Amino acid sequence: MHTRPLAMIPKDRRFLFLQGPHGPFFFILATSLRAAGAQCRRIGFNRADALFWGSGDYQAFGGSLEDWPERFKSEVTAQGTTDLVLYGDTRPLHASALKIARRLGLACHVFEEGYIRPYWVTYERGGANGHSRALGFSMNEMARHLGAPGGGPSTALGDVPAHWGDMREHIFWGAVYHACLLAGSKAYPHYRGHRCLTVPEEFRLYLRRLGLLAPQIAERWYATGRLRQRAPAYHLVLLQLAHDESFRRHGPFETQEAFLRTVMRGFSEGARKDHHLVFKAHPLEDGRNPVRRMIAALAAEQGLARRVHYIRGGKLAGLLNGTRSAVTVNSTAAHQALWRGLPVKAFGQSVYSRTSIVSSQSLPAFFAEPDAPDPMAYAILRAFLLATSQVPGGYYSSGGRRRLMEAITKRVLSPVDPYDYAAIGHAANWQHSTTPALSGGDIALAFSPNSDSL
């Protein structure tokens, strides 16, 4: 893939921002890049994009998806754009822009939620998740790059986090975003979100989620306590949102129901009769899909009604501390299971889907006697990700953004892709040049209950 060389001073860099995470993170990043001398502007597709950007160098795109490729190409050509910045690489507007940007030689900066949560975000060039360059590195290559002269990042795993991070702020900014869409705007007559629900439906779900936070916590405590009484031995299924792009585009299942049915059948065929199966909902599950009803119906169909449980989203640590194994399509939550040395069965593409880390057994064999991950292989993978694509901080809380901005501007302005640093044996130098190395002690501090990083 040809891209323009970025060994230019910031004043020669011209950044075009598309859609970002909910909230003001992209505007804050652009402000930081401008302070370094770069030019930044944004094309927005709805009123929320405009609100989160603030003012200045903003253009509204009110055309249709079919109009977008030509508009994007003419804009980047006319403005002499050198860099494209976006959040998520699979939503239709972004996917078509990336194709054109690559042909034109733009540097493509892709942000995503952290592969290793809760206290990191993902920053890559060209693509993320199933399109990540990390998938092209073998475990031996990762180990070699981490062992470069000068010393690599620590492979000590440190303490395991107890919760996902700035979840309340995430939900709040999502509600603000959909409230803006609900208000509508004549400037964006053709805008359609990348998900299947209408704007009013999305907004109602966000309001409902905010209103039900407290009662759902109480329900989760009750269900977890009941589980511990009734199921001394269980296996945990890490559910993803049915509309999650990684689930849809980088996994083998057409629907959530197909995944649930496969897991239930494998458990019925392979698990011991005294073992139970626990489905852990995603923290952002909002009820748009009847997951709970589907699980109950499938459990009854398989004769498993007394051995199958459903736990609402929330803290994962307590459930992981008692489980025998974890099953998922490609959820990033699997990192927390692997961090604990738990066996993991994963069906889809992900940066951790490697034979030394996740099980290659059939599902019945996995439930009967799951293969554990190679702890050193996972430690190497985790250290490699922390040295390349993972940046400390978060998008949604003010503290998380402050921590993130300490490192991210330098990474975006760097002439070298983080994985190119790794490819030439300098992963440690990349990390050291942008943010302090995260040793086991640093990680333990980051997860301290008194930490104000997020």
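These legends describe close-up views of a predicted model.

**Figure 1. The whole chain, for orientation.**
The predicted model has 19 helices and twelve strands. Of its 454 residues, 55% count as buried. Among contacts with a separation of 6 or more, 72% join residues 24 or more positions apart.

**Figure 2. Helix α3 and its buried side.**
Helix α3 covers residues 68-79, twelve in number. From first C-alpha to last it reaches 16 Å, close to the 16 Å expected at 1.5 Å a residue. Trp68, Phe72, Glu75 and Val76 are its buried residues. They lie on the same side of α3, because they cover an arc of only 90° around the axis. An α-helix has 3.6 residues a turn, so residues three or four places apart point the same way. The other side of α3 carries the exposed residues Glu70, Thr77 and Ala78. Gly80 follows the helix, and its phi is positive, near 65°.

**Figure 3. Helix α4 and what covers it.**
The 13 residues of α4 should span 18 Å at 1.5 Å a residue. The end C-alpha atoms are 19 Å apart, which agrees. Buried in this helix are Leu93, His94, Ser96, Ala97, Leu98, Ile100 and Ala101. Their cover includes α3, β4 and β5 (107-113). After α4 comes Gly105, with a positive phi near 85°.

**Figure 4. The packing of α3 on α4.**
Two packed helices are described by the angle between their axes and the distance between the axes. For α3 and α4, the angle is about 40° and the axes are 10 Å apart. The two helices are therefore oblique to each other. Their crossing is right-handed. On the α3 side, the contact uses Trp68, Pro69, Phe72, Lys73, Val76 and Thr77. On the α4 side, it uses Leu93, Ser96, Ala97, Ile100, Ala101 and Leu104. Trp68, Phe72 and Val76 are among the buried residues of α3, whereas Thr77 is exposed. From α4, the buried residues include Leu93, Ser96, Ala97, Ile100 and Ala101.

**Figure 5. Helix α5, buried on one side.**
Helix α5 runs over residues 139-146. Met139, Met142, His145 and Leu146 are buried. They cover an arc of only 130° around the axis, which puts them on the same side of α5. The face turned away from that buried side holds exposed Asn140 and Arg144.

**Figure 6. The crossing of α1 and α16.**
Helix α1 (residues 25-35) meets helix α16 (residues 398-413), with axes that come within 10 Å. The axes cross at roughly 55°, and α1 and α16 are therefore oblique to each other. The crossing is right-handed. From α1, the contact residues are Phe25, Ile28, Leu29, Ser32 and Leu33. From α16, they are Arg401, Leu404, Met405, Ile408, Thr409, Val412 and Leu413.

Gly23 sits in the loop between β1 and α1. Its relative accessible area is 4%, so Gly23 is buried. Leaving out residues up to four places away in sequence, Gly23 touches Phe52 and Trp173. Leu51 is 28 residues from Gly23 in sequence, and their C-alpha atoms are 8.9 Å apart.

**Figure 7. The packing of α10 on α11.**
Helix α10 (residues 256-270) packs on helix α11 (residues 291-301) at an angle of about 35°. Their axes are 10 Å apart. This crossing is right-handed. Gln256, Glu257, Leu260, Arg261 and Met264 make the contact from α10. Val291, Met294, Ile295, Leu298, Ala299 and Glu301 make it from α11.

**Figure 8. Arg324 in its loop.**
Arg324 lies in the loop between α12 (317-322) and β10 (326-328). With a relative accessible area of 42%, Arg324 is partly exposed. It touches Ala233, Tyr234, His235, His275, Leu342, Pro343 and Pro370, with residues up to four places away in sequence not counted. Arg324 and Leu236 are 88 residues apart in sequence. Their C-alpha atoms are 7.6 Å apart in space.

Methods
Residues numbered from 1 in each chain as written. Predicted model: local features only at pLDDT ≥ 70, side-chain atom pairs only at ≥ 80, totals over all residues. Heavy atoms only, no water. Helix = DSSP H or I, 4+ residues; strand = E, 2+ residues; numbered from the N terminus. Expected span 1.5 Å × (residues − 1). Buried < 20%, exposed > 50% of the residue type's maximum accessible area, 1.4 Å probe, protein only. Arc of directions from axis to C-beta. Axes fitted to C-alpha atoms, helices over the stretch in contact; angles between N-to-C directions. Parallel < 35°, antiparallel > 145°, perpendicular 65-115°, else oblique. Left-handed = near helix turned anticlockwise from the far one by under 90°. Contact = heavy atoms within 4.5 Å.
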